[in-house]
Amino acid sequence: MIDEPLLQEVNPIIFVDNTNQGEQFVVEDEESGLIFYEYIMVYPINEEDDFDYLQEKRQKLRNKFQAIGLVTKDSTSSTGEFGFIHVGSSLERLEAWAELTRQKVKLSSGLEGQEHAGYQEFEIDSKQLYVESAVPGCVFNSCARQKLIMSLIEAPKSKGGSQLSIINLKRKKIISQFFGLHHQEELQPTINTWKKSFRFSRPVDVIRDYFGESIAYYFAFLKVYLYFLVLLSAISVAITIWQASDTKQKGQLGLWYIIIVSIWITLFIEFWKRKSIELAYHWDMLDFHQEETIRPEFKGEKRESPITGKKEIYYPIWKRRIKYLLTYGFTVLMLCAAAGVSIGIQNQRLFSKNKQKFKESLIKSYGTKQATTYYSMWTGVTTGASIFILNAIFKTVGAKLTLWENHETDSDHEGSLILKYFMFQSVNNYISIFISAFIAQDIGYVSTQLMSILITKQIIGNAMEVGLPWIKGKYKIRAQNKKRKKQKEEGMEVGKFKKAEKQMKFPVYENTVEDYLEMFIQMGFSTFFLLAFPLGPLAPLLACLNNFIEIRTDAIKLKSMRRPEPRAANGIGKWMEILKLTSVLVILSNIVMMSFAFTEFTFFGVVIDTAYRKLLWLVILEHAILFLKFLVHQAIPDIPGSVRIEIEKEEYQKEKALRRQRNEESTEDSGFSD
């Protein structure tokens, strides 16, 4: 039987006085019934030269929405600077569109022969079979409502949609902003589930129902990663205590540690694959295939397709390859610059004038031994700060380079962006430690440096990730309040500060790329340098403590940013390939580090003390562990047994129903013949 994710007990939304409908996302109308306002379109008032012309275009936009059954209403900001077009739909229209487009909804109980409550294509006459949302009488959760309305906006006219592009509306200056509204009635229970709970069991369903599968998969990955970090932290602490009590066995201890961490990351990958498939089945996303549309930013020449004969936008592949050569060439230059900064810091070139004076002051205050440790910490902190600054610079540069490559689909664009970010951040974050470990061969220094960089990155990262968006939002709202106060003092009429006006000031949440990147870089810090005794084995513990907070701060961050567009997914996408690559790098990094870290160690009774023996040992151990990794991979099936049984039950029930239908048709034909 499948373990159903814990379901959050949802309190039904209570409707307020309908005379104050401006701030309510769901209202009751005598004629249309329930109406849901999910999106906001923003435009500036009286700031354009062609304002009247654009107003005519906006009225045509409203007419197009109304023609396909959507509902609009207008309001203005408290200062009168911006106009808002609230875009919504009646429940009746949502149901009709869901039935037409075969939208799947969750059943309240399993079908015949099934223990798992699955999904079924929505039928208006079968509403009593489906799970009700937080809004009484509505089976569509917040995420589903937004998807349905967006589908209506973008669908071709031939299929009942308005065939509008939000990007084109912005380009033509008909609107300046477009975003989905946060609804505190549904958002607050979702956030509280994650930020207030200090237990490991967290219902990912509530994240998915509000933000969509893409973000829900990130939180699910973070949760599984945290589980395994707890396990690795316990092992690492035990090994740290062991090596402190028996320093003569460091070489043999390091060998077992490499084997343990290799098995650990392999089990993590296999467990995540099974969990990912379990979630995909639970959310009915196993057969999901994204039918990608052309990116609005994609540019090219119009031509007749040699395959379909239809008009299409064409961009020669040779032009993109030239751009690849330039963009990735520039990325490599940035990598070299980052490496140069790290090398400069490691060689103390950036502090050459005051280096000796600084060291002498530390020795005078703390003694020679402590002074060396503090000096290493200072270098680590400086390196951590430089890493953060260079990452921030390349974040902007990498995004612009990828946009210039002119990708046709979102998946191609995101894949190229992920590759650039991962390349740069891997070099920028790890190069200084690799220099210390493999060139300077100073493991004690590596140990202190690793802790200093990791702590510095986590402090700055959490402050910037949560604190900065919150400060930005508060600053913009405060500035707006000051403006309103000034207008009041000047005798101008100032309205109430609206929810849409407040959320318009929130920072934009683009996608999960940076969140995943942060976790994967942290995974490298936690596993690449485990043999940097005495503090290296404590890196997983530090990462574990950070992620225990991260799992809450990420939820808080989503609350203080604009609501992201819900995106469907059946896994973590291209990050799965990077995870597999990371698992190999973990093995290679620790084996090479052991060769450099210890001048002599024993391997199954054989003393390894020469360069030749170390090289031979490195090759043998690397092949042996990779083979062990392969065996573990083959031994664990990707699909959990409970999911496989449920899938086979579904196939059996479908086949049984099909046979029954054929028998009925055969009986009818026989009767007709008689």
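The following questions and answers concern a predicted model of one protein chain and the criteria behind its description.

Residues are numbered from 1 along each chain as its sequence is written, and side-chain values use heavy atoms, with hydrogens and water left out. Because the model is predicted, local features need pLDDT of at least 70 and side-chain atom pairs count only at pLDDT 80 or more, whereas totals for chains, interfaces and linings use all residues.

Q: What makes up the secondary structure of the protein chain?
A: The chain has 19 helices and 11 strands. Helices (H or I, at least four residues) and strands (E, at least two) are DSSP runs, numbered from the N terminus.

Q: Why is helix α6 called largely enclosed by the rest of the structure?
A: A residue is buried under 20% relative accessible area, exposed over 50%, and partly exposed in between (1.4 Å probe, protein chains only). Seven of the eight residues of α6 (residues 204-211) are buried, so the helix is largely enclosed. The buried residues are V204, D205, V206, I207, R208, Y210 and F211. Just after α6, G212 takes a positive phi of about 100°. Over the chain, buried residues make up 48% of the 674 residues.

Q: Why is α2 described as roughly perpendicular to α3?
A: The axes of α2 (residues 91-100) and α3 (residues 142-154) come within 10 Å and cross at roughly 75°. That value makes α2 roughly perpendicular to α3, because angles of 65 to 115 degrees receive that description, those under 35 count as roughly parallel, those over 145 as roughly antiparallel, and the rest as oblique. The axes are lines fitted to C-alpha atoms, for helices over the stretch in contact, and angles run from 0 to 180 degrees between N-to-C directions. Contact (heavy atoms within 4.5 Å) joins R93, L94, W97 and A98 in α2 with R145, L148, I149, S151 and L152 in α3.

Q: What makes α15 and α16 roughly antiparallel or roughly parallel?
A: Helix α15 (residues 513-527) and helix α16 (residues 539-559) pack at an angle of about 170°, with their axes 10 Å apart. The two helices are therefore roughly antiparallel. Residues of α15 that meet α16 include D515, M519 and F525, and their counterparts in α16 include A543, N547 and D554.

Q: How do you know whether F528 is buried or exposed?
A: F528 lies in the loop between α15 and α16. Its relative accessible area is 6%, and F528 is therefore buried. Leaving aside neighbours within four places in sequence, F528 is in contact with Y430, T582, L585, V586, S589, N590 and M593. F528 and V586 are 58 residues apart in sequence and 5.1 Å apart in space, C-alpha to C-alpha.

Q: How do you know that the salt bridge of E514 and K395 ties together separate parts of the sequence?
A: The closest N and O atoms of E514 and K395 are 3.0 Å apart. E514 lies in helix α15 and K395 in helix α11, so the pair ties together parts that are 119 residues apart in sequence. E514 is partly exposed at 40% relative accessible area, and K395 is partly exposed at 39%.

Q: What makes I317, W318, I322, L326 and W404 a nonpolar patch?
A: Patches are made of residues with over 30% relative accessible area and no salt bridge, where like charges are joined within 9 Å and nonpolar side chains (Val, Leu, Ile, Met, Phe, Trp, Tyr) within 5 Å. The five named residues form such a patch on the surface, with about 530 Å² of accessible area together (Shrake-Rupley method with a 1.4 Å probe; for residues, only the protein chains shown count as cover). Helix α9 (residues 317-346) contributes the largest share, four residues. W404 lies in helix α11 (residues 368-404) and is partly exposed at 41%.

Terms used: Salt bridge = Lys/Arg side-chain N within 4 Å of Asp/Glu carboxyl O.
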